[in-house]
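User: I would like to learn how to read a two-part chain and the boundary inside it. Please start with the annotation.

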Amino acid sequence: MPTIAVTGDHFHFPHQQYYGILTKAGYEVRFIDPVKNNLNQPDTLLQQLAGCDAVMCSTEPYPADLLDKCQIRVLSRLGVGFDSIDLEAATANNIVVCRTPGILHESAAEQTLAFLFAISRNVIERDRQVRQGHWKRTCWPRLAGQTLGLLGLGLIGRCVAEKALALGMKVIAYDPVAAPHDEIELVTLDRLWSDSDIVSLHAPCTPETANIINHVTLERMKRGVVIVNTSRGGLVNENALAEALQSGQVLAAGLDVFHEEPPKPDDPLLKLENVILAPHMAGMDLESERAMATMAAENIIALHRGQWPAANIVNPEVKPTWKW
């Protein structure tokens, strides 16, 4: 029976539901420790995947030179983003790439709102001040009445919008393929930058969106804008954001994702007090963790049994030539 590699260490627990599903079906599950093994290095990852038939993969990169050499038949992403995988190379090597859609949106939306509340209520700084014996009562603007600009209005963006509207915020969005929404105004990118009090990112990282938050776009925004990124680190030029945070052009930022994960200790963003950080966990809570792992495992089982979970496959063009 096939051997399935699991790279995300938060899934390295035999009591989890997906593990039972795989092992009861006769599959061998191999945990690959991303701390002990630097999986961001393709040579290391290739070595660790020796003898494996499929991967329940996290955000580690799968470049062409790795995919050309490995014997993997399926890459089943624990999540919805797949920009860490060279999709063209996967297709050329007859590797099916799957993901787990429709699971993470509530968690990602809640994390976005958590950043907004933490920033608007200055939660972390107020906690520190009280613990240190300081009774400093400084007010920040309330969220109600502010304009939230969403870059991307897919499932996660719409979930964020619904929660923000319930808080009394005005929501505008840029998404060239989004369907109209009665309470969300679709705007141009220029208007998104100029009109938003808060810019929240919910778009994939593509050649068109990479570093879309940069020196130029930040200067087009209101002074004192808030930036939230729970999508992909590649959307943000981090040096430009750090400078804008220091100058006051950006009041604060909430970042769940980074260009390099984890960020290096000397990353300037780590030294700024007006940044709230999280370890790429926006889409993960207990419910989504269980559901995404189960779906990722079921994607692999279905393919091994000759089925085709079309809604979860991102490179369907491999179907005519793919086999286990």
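Analyst: UniProt positions are given in the numbering used here, feature names are shortened, and annotations may be inferred rather than shown by experiment. In this case an unreviewed UniProt entry annotates residues 21–314 as "domain: D-isomer specific 2-hydroxyacid dehydrogenase catalytic". This is a predicted model, where local features need pLDDT of at least 70 and side-chain atom pairs count only at pLDDT 80 or more, while totals for chains, interfaces and linings use all residues. Residues are numbered from 1 along each chain as its sequence is written, and side-chain values use heavy atoms, with hydrogens and water left out.

User: Into which domains is the protein chain divided?

Analyst: Domain bounds come from an automatic or database domain assignment. Here domain 1 takes 3–102 + 285–318, and domain 2 takes 105–277. Their centres, taken over C-alpha atoms, are 30 Å apart. Nine residues from domain 1 and six residues from domain 2 form the contact (heavy atoms within 4.5 Å).

User: How much area do domain 1 and domain 2 bury between them?

Analyst: Buried area is the accessible area (1.4 Å probe) that two parts lose on being put together, summed over both. For this pair that is about 530 Å², with 39% on carbon and sulfur atoms. On the domain 1 side, D83, G102 and D285 lose the most area to domain 2, together 62% of what that side buries.

User: How many salt bridges does the rule find across the interface?

Analyst: A salt bridge needs a side-chain nitrogen of Lys or Arg within 4 Å of a carboxyl oxygen of Asp or Glu. The rule finds one between domain 1 and domain 2. R232 and D83 meet through their side chains in a salt bridge, at 2.6 Å from N to O.
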